[in-house]
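Hello,

Here is the structure we talked about passing on. My notes on it follow below.

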Amino acid sequence: MPCSISANCKPAGRPPSILKGNAALVKQCEHPDCILWFYHRTKAHKRPWCSMALCGNRHKAAQFRKRSGG
Ligand SMILES: [Zn+2]
């Protein structure tokens with residue numbers, strides 16, 4: 001029986017469940033050295049990094065080095 005008329009046939013190219021309505025919450029990490037993507041779980045949706053402990057701290061350290069001139 002052809003796919004188009006079978007009620008039990010599921011479409012092949014089904015998008016991952018993460019794209020179901022919440023695609024806007026999937027962000028790429030803003031750290032220039034990081035290629036990770038992450039999913040916003042906080043209410044504020046303001047965290048620009050995949051991990052505050054990792055990229056957040058790296059970013060802060062870089063800013064501090066810039067400010068202190070060395
Ligand atoms: Zn990152």
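**Contacts, confidence and two residues**

Of the contacts in the protein chain with a separation of 6 or more, 12% are between residues 24 or more positions apart. Two residues are in contact here if their C-beta atoms, placed from the backbone, lie within 7 Å.

This is a predicted model: local features need pLDDT of at least 70, side-chain atom pairs count only at pLDDT 80 or more, and totals for chains, interfaces and linings use all residues. Residues are numbered from 1 along each chain as its sequence is written.

On confidence, the protein chain has a mean pLDDT of 76 (the predictor's confidence in each residue, from 0 to 100). A pLDDT of 70 or more is reached by 64% of its residues. Helix 1 (residues 52-67) has the highest mean, at 91, and strand 1 (residues 26-28) the lowest, at 87. Where pLDDT is low, the predicted coordinates should not be read in detail.

The protein chain contains 1 helix and 2 strands, in the order β-β-α along the sequence. Helices (H or I, at least four residues) and strands (E, at least two) are DSSP runs, numbered from the N terminus.

On burial, 3% of the 70 residues in the protein chain are buried. A residue is buried if 20 or more other C-beta atoms lie within 10 Å of its own, exposed if 12 or fewer, and partly exposed in between, with C-beta atoms placed from the backbone. Helix 1 is hardly covered, with a buried count of 1 among its 16 residues. After helix 1 comes Gly 69, which has a positive phi, near 75°.

- His 31 sits in the loop between strand 1 and strand 2 (37-39). His 31 is partly exposed because it has 18 other C-beta atoms within 10 Å. Leaving out residues up to four places away in sequence, His 31 touches Trp 49, Cys 55, Arg 58 and His 59.
- Asn 22 lies in the segment before strand 1. Asn 22 counts as exposed because it has 11 C-beta neighbours inside 10 Å. From Asn 22 to His 40, 18 residues apart along the chain, the C-alpha separation is 9.4 Å.

Regards
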